[in-house]
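Biologist: I have a model open and want to learn how to read its features. Could we take them one by one?

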Amino acid sequence: MTARRLLTLAGLALGPVLVLAVFFVLPVSGMVGRGFVVDGRFDPGGVVEVLGRPRTHRVLWFTVWSAGLATLASVLLGLPAAYVLYRLSFPGRLVLRALLLVPFVLPTVVVGVAFRLLINDSGPLGPLGLDGTPVAIIAGLTFFNVAVVIRAVGIAWESLDPRPGEAAAALGASPAQVFRTVTLPALRPALVGAASVVFLFCATSFGVVLTLGGLRYSSVETEIYLLTTQLLDLPAAAALSILQLLAITALLLLVGRLRASPDPTVERRTARPRRPRRPDVVPVALTVLVLALVAAPILTLVVGSLRADDAWTLANYQRLTTVGDGNALLVPVTDALVISLRTAVDATWMALLLGGLISVVVSRRSLTGGERRLRGALDGFFMLPLGVSAVTLGFGFLITLDRPPLSLRDSPLLVPVAQALVALPLVVRTLVPVLTGIDDRQRQAAASLGAGPLRAFATVDLPLVWRPLVAAAGFAFAVSLGEFGATSFLARDEHPTLPVVIYQLIGRPGGENFGMALSASVVLAATTAIVVLVVDRFGGRSLGTV
Amino acid sequence: MLRLADVSVAYDGISAVRHASLELPDGDVLAVLGPSGCGKSSLLRAVAGLEPLASGQIYVDSRPFSEVPTHRRGFALMFQDGQLFHHLTVARNIGYALRLRRTPGAAARVEELLELVGLEGYGDRLPATLSGGERQRVALARCLAVRPRLLLLDEPLSSLDTGLRQRLAADLRQILTQKRITALMVTHDHEEAFTVADRLAVMRAGEIVQQGPIDEVWRTPIDPETALFLGYARVLEGPAAGIVRDVCVGDSAEPPTQTSRTIPLAVRRSAFRVDADGGLRGRVTAARTTPEQVRLVVEVEGVGEVDAVAPLDQHPAVGEAVRLAVDVTRTAPVGG
């Protein structure tokens with residue numbers, strides 16, 4: 001019996017382990033190895049020296065506190081918005097949900113540029129003097145990540161059984177006390193999961209810090225990028241990569257502790273959203289603030305895309321079928337959009353397949369201590385991609401997968417695989433809390449009625465996981481559409497994705513190219529919003545038929 | 001004293017409760033009895049303040065309560081499956097309301113409540129480790145911790161198995177009377193209602209069709225459906241009721257008038273007893289032995305099929321002719 005369980009576990013885990021070994025461990029160790037091996041000899045001296053530099057300490061400290069503050073801001077703003085968008089009923093909330101996800105999928109470089117447009121001396125927020133300050137970086141990171149909190153926490157909140165809260169209210173708990181003593185503990189797994197993902201995104205964010213921080217403020221991630229591509233100081237980059245990996249492993253262990261809850265079983269029962277009432281004023285006001293924070297840079301971007309030569313015009317959009325001023329691009333922007341969509345479809349099914357298997361493996365209850373330790377180890381292993389920057393991953397792909405036996409440099413699946421790995425932690429973190437929340441007795445009941453493991457999964461898990469699964473698919477698709485760090489290393493010149501094209505346009509001189517970059521960004525954002533909206537609708541309806 | 005005046009509850013314009021009026025004196029236990037989907041849970045939720053009223057008013061000691069938010073009502077609500085807080089231990093679940101109010105001496109009070117519901121020593125356990133009956137005991141203790149002015153019970157025993165349900169119903173009754181707790185319970189189980197409550201309100205299709213002290217409702221059900229729901233086996237109508245009443249005349253002080261003769265008559269299963277001197281003749285169409293008696297179905301001349309019982313030492317076979325006596329205390333006029 002135990003042997004058979006372990007065999008099943010091993011069988012399920014084998015695929016994801018192999019994929020991660022080839023597409024994650026190999027590239028990253030290749031990249032890190034470059035740092036330790038100098039002229040064919042093992043020489044850790046360079047790495048140790050880098051860790052002692054004052055600049056390294058400064059970069060590290062900045063990364064930690066800016067990411068921490070941005071995470072705090074994202075949680076504080078995202079929590080009320082999750083409540084308003086997932087528990088209250090008012091017209092247009094599905095559209096709002098989709099709109100709030102838009103920032104998350106904007107290419108990081110575009111977010112940086114949009115914030116610059118907003119806060120530079122001539123921008124609408126110019127008088128605040130935020131340009132080039134850490135406040136701008138934290139605002140940018142929050143803008144980027146608040147959607148993660150809203151979505152992950154919102155979906156958990158939506159399907160939270162309202163009755164324990166009602167029991168508490170009847171015992172005399174005010175709405176605030178119900179929230180603190182009943183709702184918050186029930187949301188804790190989702191909240192801790194979302195906060196940890198956001199912290200990791202902030203700590204490994206690259207485009208935002210690069211464009212808003214300039215040379216003065218650098219995070220570990222931008223430092224790795226600068227050391228790798230500008231200074232060609234690979235030992236130093238490797239040292240920082242290792243540091244990042246270790247720090248994030250430590251963080252994940254801590255998060256695992258925090259996440260542990262005395263009884264993870266949660267009744268899933270989607271409550272009817274209700275009309276807003278008077279005590280909802282505070283969360284509604286905060287949601288409006290979030291909307292403003294999210295809308296301001298986007299509006300600036302849209303306005304910018306509609307302006308050329310100080311006049312309102314659609315010229316920037318008409319130029320999207322061309323290759324830009326002075327042949328800035330190899331293919332028109334419209335072609336890049338098609339490539340982006342195809343890539344995103346591939347990345348989505350890969351991330352879902354991989355993430356789904358991983359979630360099932362790590363969420364099952366263990367019968368023995370050994371099994372539990374094995375699952376724990378696998379859980380940690382699968383979360384490792386969180387700890388490594390997209391830049392490291394992309395560069396690692398370049399230097400390790402370009403020669404036999406793994407000569408994948410020209411494979412059309414290389415970019416989707418890399419993007420799927422970037423989206424993987426999100427998929428896993430969306431599915432695992434729901435899967436662990438399912439009472440194991442339901443599976444046992446199905447088994448006792450003659451359902452095999454697959455059938456039991458289809459009967460018990462799938463109906464409950466269906467909606468989070470659709471949400472995860474939307475997330476993965478959106479991440480893939482906006483992914484820039486790894487893609488910029490891997491996309492072939494004649495097959496660029498939309499974010500790569502936008503970056504190329506920004507880098508080329510000429511006002512027309514910049515205008516095109518803005519209009520292309522708007523198209524990318526709109527595409528993503530539509531996809532997410534459709535997925536939301538689809539997810540909602542499918543739940544009704546279950 | 002709780003009073004509901006003309007209370008209606010609607011979900012998206014579809015009414016769940018229509019013009020319900022009730023009175024519940026302090027210290028009494030009222031059971032709202034009705035089939036599932038009759039609106040009784042909506043009524044309870046409205047009293048708890050969890051659903052807004054479409055019309056009408058709820059008074060507690062003559063004070064209007066419909067605008068008072070749930071947590072200021074000073075009630076306590078016990079759900080069918082307890083709804084314990086999974087992340088808290090038994091002791092912390094019970095002490096929840098005490099902590100909200102920062103009541104001194106909470107630990108001692110929790111001990112006292114654990115003893116009251118018969119769960120000494122369970123304080124440190126998590127709800128997941130308890131049986132269904134133990135969870136309901138914890139839920140009850142949690143509700144009683146701050147002496148609610150009204151205890152609301154939503155099918156408190158329905159999720160338990162029969163033996164446990166009967167025992168817990170008796171315990172519940174004892175605790176409620178001992179502590180003089182005013183309680184409103186909704187249930188679909190008439191046995192449960194009879195064990196726990198002093199007063200009864202029968203609800204059907206969103207309306208309260210009958211209410212009063214429990215024995216009064218029991219003796220005079222308002223219509224055939226109510227009678228059947230209260231556990232009467234059959235309702236005899238027209239001439240059949242008359243024939244059965246005629247047989248009772250010998251025992252009864254006053255003979256029925258011609259009009260009261262044909263009022264429908266609700267009969268318990270045990271109202272008809274096999275008796276060699278009985279006034280009704282019939283033929284057995286089904287027989288089944290139970291530990292206490294033999295249960296029969298008898299086709300009675302002029303009356304039709306009725307349920308009847310026989311002592312265990314007599315076991316009439318199917319097709320056998322029998323005579324039946326009527327126990328008038330196990331019948332009730334309907335709508336009278």
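Modeller: Start with a helix pair. Helix α17 (residues 414-436) and helix α19 (residues 453-482), both of chain A, cross at roughly 155°, and their axes come within 9 Å. Before we go on, note that this is a predicted model: local features need pLDDT of at least 70, side-chain atom pairs count only at pLDDT 80 or more, and totals for chains, interfaces and linings use all residues. Residues are numbered from 1 along each chain as its sequence is written, while chains are lettered from A and ligands numbered from 1 in the order in which they are written.

Biologist: How are helices, axes and angles defined here?

Modeller: Helices (H or I, at least four residues) and strands (E, at least two) are DSSP runs, numbered from the N terminus. Axes are lines fitted to C-alpha atoms, for helices over the stretch in contact; angles run from 0 to 180 degrees between N-to-C directions.

Biologist: Which orientation class do α17(A) and α19(A) fall into?

Modeller: Angles under 35 degrees count as roughly parallel, over 145 as roughly antiparallel, 65 to 115 as roughly perpendicular and the rest as oblique. α17(A) and α19(A) are therefore roughly antiparallel to each other.

Biologist: Is the crossing of α17(A) and α19(A) left-handed or right-handed?

Modeller: The rule looks at the near helix: turned anticlockwise from the far one by less than a right angle, the crossing is left-handed; clockwise, right-handed. α17(A) passes α19(A) in a right-handed crossing.

Biologist: Which residues of α17(A) and α19(A) meet?

Modeller: Two residues are in contact if their C-beta atoms, placed from the backbone, lie within 7 Å. From α17(A), the residues include A:Val422, A:Leu426 and A:Leu431. From α19(A), they include A:Leu464, A:Leu469 and A:Phe475. The contact of α17(A) with α19(A) divides into 16 nonpolar, three polar and one charged. For the classes, Ala, Val, Leu, Ile, Met, Phe, Trp, Tyr, Cys and Pro count as nonpolar, Asp, Glu, Lys and Arg as charged, and the others, Gly among them, as polar.

Biologist: At what angle do α3(A) and α8(A) pack?

Modeller: Helix α3 (residues 54-87) of chain A and α8(A) pack at about 140°, with axes 8 Å apart. That makes α3(A) and α8(A) oblique to each other. Their crossing is right-handed. Among the contact residues are A:Ala67 and A:Thr71 of α3(A), and A:Val198 and A:Phe199 of α8(A). The residues of this contact of α3(A) with α8(A) comprise eight nonpolar, four polar and no charged.

Biologist: How many residues does each chain bring to the contact between chains A and B?

Modeller: Chain A brings 18 residues and chain B 22 residues. α7 (163-170) and α8 (175-203) of chain A each supply at least two residues of the side of chain A that touches chain B. α7(A) gives the most to that side, with seven residues. The side of chain A that touches chain B holds ten nonpolar, five polar and three charged residues.

Biologist: Now chain B. What does its secondary structure come to?

Modeller: Chain B has eleven helices and 18 strands. Its C-alpha atoms fill a box of roughly 70 × 45 × 35 Å, taken along the principal axes.

Biologist: How should I read burial, say for β3(B)?

Modeller: A residue is buried if 20 or more other C-beta atoms lie within 10 Å of its own, exposed if 12 or fewer, and partly exposed in between; C-beta atoms are placed from the backbone. Buried residues make up 42% of the 336 residues in chain B. In strand β3 (residues 29-33) of chain B, five of the five residues are buried, so the strand is largely enclosed by the rest of the structure. B:Val29, B:Ala31 and B:Leu33 cover one side, B:Leu30 and B:Val32 the other.

Biologist: Which strands pair with β3(B)?

Modeller: Two strands pair if DSSP finds at least two bridges between them. Five bridges join β3(B) to strand β8 (residues 183-187) of chain B, and the two run parallel. There B:Leu30 stands opposite B:Leu184. Strand β9 (residues 199-204) of chain B pairs with β3(B) over four bridges, in the parallel sense. B:Val32 has B:Ala201 as its bridge partner in β9(B).
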